[in-house]
Amino acid sequence: MIYYTRIYKTLLIATVIYLSVHTTKVQAADVTGALDCTNPLTIADTRYILTATTTGNCVISANNIIIDGQGLYGIDGNVTSETQNIDLRNLNVTGHVQSNSSSGTAGNISIASSTVSGY
């Protein structure tokens, strides 16, 4: 009986450790540099810190993206989100900012300390 109790305790502890390791959300590192919008932004939980103004339309296809222009840089083009929780900070966007998804899952775009001029 004592033998089985030890096995169950060991299994319980192993399960708790496994779940705590495998259910922890991992944050992707910050990406600093010029933003390349030739392909959609696909890395979730990422903050892009601009070091130059980007020309072209940006499509965001990953959740929890922050684009920070540091008050100096921006995007000369449109920003289209196909996902959730997009945050545009400290930048100028000369085109439109829109939430657009054929699956109906896009939304939640926050714009802080930024200018969106559209055309």
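I began with contacts, taken as heavy atoms within 4.5 Å. Among those in the protein chain between residues at least 6 apart in sequence, 12% join residues at least 24 apart. I note that this is a predicted model, in which local features need pLDDT of at least 70 and side-chain atom pairs count only at pLDDT 80 or more, while totals for chains, interfaces and linings use all residues. Residues are numbered from 1 along each chain as its sequence is written, and side-chain values use heavy atoms, with hydrogens and water left out.

**Elements and surface.** I listed the secondary structure as DSSP runs numbered from the N terminus (helices H or I, at least four residues; strands E, at least two). The protein chain has 1 helix and 12 strands, and from the N terminus the order is α-β-β-β-β-β-β-β-β-β-β-β-β. I then looked up burial (buried under 20% relative accessible area, exposed over 50%, partly exposed in between; 1.4 Å probe, protein chains only). Of the 119 residues, 28% count as buried. The accessible surface of the chain, by the Shrake-Rupley method with a 1.4 Å probe, comes to about 7500 Å², and 56% of this belongs to carbon and sulfur atoms.

**Core.** I looked for nonpolar cores, meaning sets of buried Ala, Val, Leu, Ile, Met, Phe, Trp, Tyr and Cys residues joined through side-chain atoms within 4.5 Å. The largest has 16 residues, of which Leu35, Ile60, Ile65 and Ile67 touch the most other members. Strands E2 (46-50), E4 (58-60), E5 (65-68) and E8 (86-89) each give two or more residues to this core. For Leu35 I set aside neighbours within four places in sequence; the remaining contacts are Leu41, Tyr48, Leu50, Thr54, Cys58, Ile67 and Ile75.

**Disulfide.** I searched for cysteine sulfur atoms within 2.5 Å, the criterion for a disulfide, and the structure holds 1. Cys37 and Cys58 form it, with their sulfur atoms 1.7 Å apart. Cys37 lies in the loop between strand E1 (31-33) and E2, and Cys58 in strand E4, so the pair links distant parts of the chain, 21 residues apart. The torsion about the S-S bond is about 75 degrees, so the disulfide is right-handed. Cys37 counts as buried at 12% relative accessibility, and Cys58 is buried at 1%.

**Strand E1.** I checked Gly33, which lies in strand E1 and counts as buried at 19% relative accessibility. Its C-alpha atom is separated by 6.4 Å from that of Ile49, 16 residues apart along the chain. Beyond four places in sequence, Gly33 is in contact with Ile49, Leu50 and Thr51.

**Sheet.** I took strands as paired if DSSP finds at least two bridges between them. An open sheet of 4 strands runs in the order E3-E6-E9-E12, with parallel pairing. Strands E3 (54-55) and E12 (115-116) stand at the edges with a single partner strand each, so one side of each is left without a neighbour in the sheet. Strand E9 (residues 92-93) pairs with E12 over 2 bridges, and Asn92 has Thr115 as its bridge partner in E12.

**Salt bridges.** I counted a side-chain nitrogen of Lys or Arg within 4 Å of a carboxyl oxygen of Asp or Glu, which gave 2 salt bridges. Arg47 and Asp30 meet at 2.5 Å, N to O; Arg47 is in strand E2 and Asp30 in the loop between helix H1 (2-22) and E1. Arg47 is partly exposed at 28% relative accessibility, as is Asp30 at 42%. Asp87 and Arg89 meet at 2.7 Å, N to O; Asp87 counts as buried at 15%, whereas Arg89 is partly exposed at 29%.
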